[in-house]
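Open the model in your viewer and keep the selection tool at hand. This tour goes from helix to helix.

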Amino acid sequence: MQGPAQAQNLRDSLAEAKSDIVVKVGLRKGSKSFAEARAAGFSEENGTLGEMIETLCGSDLVLLLISDAAQADNYKQIFSAMKPNSILGLSHGFLLGHLQSCGDDFPKNISVIAVCPKGMGPSVRRLYVQGQEINGAGINSSFAVHQDVDGRATDVALGWSVALGSPFTFATTLEDEYKSDIFGERGILLGAVHGIVEALFRRYTEGGMDEKLAYKNTVEGITGIISKTISTKGLLAIYNSLNEGGRRDFEMAYSASYYPCMEILYECYEDVASGNEIRSVVMAGRRFLEKDGLPAFPMGKIDETRMWKVGARVRAVRPAGDLGPLYPFTAGVYVALMMAQIEILRKKGHSYSEIINESVIEAVDSLNPFMHARGVSFMVDNCSTTARLGSRKWAPRFDYILTQQAFVTVDTGSPINRDLISNFLSDPVHNAIETCAKLRPTVDIAVTANADYVRPELRQ
């Protein structure tokens, strides 16, 4: 979903700057997206819409924003069609990971850069539109220069980021980006948060809690007050806002959940770094079509269970601005997950800029507001195919391990791991979060239920 957002943002920024640079959308023949592009103001008549290969043949800067699986299947044709000394722009490092896994590489006669917004495409467009009225709106991005054949790559990457509307841009490498990003989608950003709210809702209702209250104490709390507090005040503010009994419940949940979450996160990171997860995405994309005499298996729905039906009823009567309750046990599980993900990335050598933006800011400022607005599918299915596949694959793993290990630890009365709590309270990441929070957009994303900047099939 980066393509529609970035095309419109770049077009509007360049028009505002009175630039003669033309933004042209290239689509595969027969793509249903032609209608969407025309509706957004691109057309064949004015030279801003055309077939993909024909478009990139004549382009100085090619922003390759098709799905990761499509990049894997079509990169040879794309590379051969690009002009010498042109620039290939990516918003995700997936293609590098795929090339590494199959022993291939980018052509040596082109530059390769990346600008990677720390949010889904609909967030990138929505905050850009808000920024036209309120200064400070936008999605922060990372940028990378992987290959520079003529010395222009850094300037072009930074110009691209500015035109997207990113208030702040931090440096990374293409390899670090794909590892942290694909991993993050399966963790706190999408998969893990989906898994933990399913596990918590089931635990609360099986324990006798009213269904609506259980939904409020899981999803509404995480996507509302917990996200808002982390975004504006940091992780410690969650703990410090609790009374003595609340802190005890938080500590119990945090202590029991931290290592089970870390176990799955560790496995996930290594699957991404080894190329296993990338190969899984490519193979899954090919199963969307009939082959080998077997039927097609497109992605199924993920919001059909009881809790999401309850959630729809809760949202229908939710007062405007209601951020839900701060339920200490839920907060303890969520913060444990976030801290475990931070620790994995830190031990794997990622910078604090990347860690905080990928594991904290993107979660609470860009993605969780979509689940708050209309549930888990509205969040997950507005993301890329790679993210949607990963969320579906890994969410059950987090649900299972919390149910089988963390909650059992709590129910059997195991003592709280005081070292874990002490480490959390004194972790230097809190200073890094405080610094990064000063660089967050000054405007919160406004997600409306009838949004016209989301996937067409998710519009109301």
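In which hand of crossing does α8 pass α12? The crossing is right-handed. Bear in mind as you look that this is a predicted model.

**Stop one: α8 and α12**

Select residues 174-189 for helix α8 and residues 244-273 for helix α12. Their axes lie 9 Å apart, and the packing angle is about 140°. Angles over 145 degrees would count as roughly antiparallel. α8 and α12 are therefore oblique to each other.

Now show the side chains at the contact. From α8, pick Tyr 178, Lys 179, Ile 182, Phe 183, Arg 186 and Gly 187. From α12, pick Leu 265, Cys 268, Tyr 269, Val 272 and Ala 273. Colour them by class: this contact has 8 nonpolar, 1 polar and 2 charged residues.

Look at the spacing of the picks along each helix. An α-helix has 3.6 residues a turn, so residues three or four places apart point the same way.

**Stop two: α8 and α16**

The crossing of α8 and α16 is right-handed.

Which residues make this contact? On α8 they are Asp 176, Glu 177, Ser 180, Asp 181, Ile 188 and Leu 189. On α16 they are Glu 354, Glu 358, Ser 359, Glu 362, Ala 363 and Leu 367. By class, the contact has 4 nonpolar, 2 polar and 6 charged residues.

**Stop three: α12 and α18**

Go back to α12 and select helix α18, residues 385-411. Here the axes come within 9 Å and cross at roughly 150°. That makes α12 roughly antiparallel to α18. α12 passes α18 in a right-handed crossing.

Show the contact residues. Those of α12 include Met 252, Pro 260, Ile 264 and Asp 271. Leu 265 and Cys 268 of α12 also take part. Across from them, α18 brings in residues including Trp 394, Phe 398, Leu 402 and Val 410. The contact divides into 13 nonpolar, 3 polar and 4 charged residues.

**Stop four: α9**

Finish with helix α9, residues 191-206. Is α9 mostly covered or mostly uncovered? It is mostly covered, with 13 of its 16 residues buried.

Check its length with the distance tool. At 1.5 Å a residue, the 16 residues of α9 should span 22 Å, and the end C-alpha atoms are 23 Å apart, which agrees. Then click on Gly 208, which follows α9. The phi of Gly 208 is positive, near 105°.

Definitions and conventions:
Residues are numbered from 1 along each chain as its sequence is written. This is a predicted model: local features need pLDDT of at least 70, side-chain atom pairs count only at pLDDT 80 or more; totals for chains, interfaces and linings use all residues. Side-chain values use heavy atoms; hydrogens and water are left out. Axes are lines fitted to C-alpha atoms, for helices over the stretch in contact, and angles run from 0 to 180 degrees between N-to-C directions. Helices (H or I, at least four residues) and strands (E, at least two) are DSSP runs, numbered from the N terminus. Angles under 35 degrees count as roughly parallel, over 145 as roughly antiparallel, 65 to 115 as roughly perpendicular and the rest as oblique. A crossing is left-handed if the near helix is turned anticlockwise from the far one by less than a right angle, and right-handed if clockwise. Contact means heavy atoms within 4.5 Å. Ala, Val, Leu, Ile, Met, Phe, Trp, Tyr, Cys and Pro count as nonpolar, Asp, Glu, Lys and Arg as charged, and the others, Gly among them, as polar. The expected span of a helix is 1.5 Å times one less than its number of residues. Buried means under 20% relative accessible area, exposed over 50%, partly exposed in between (1.4 Å probe, protein chains only).
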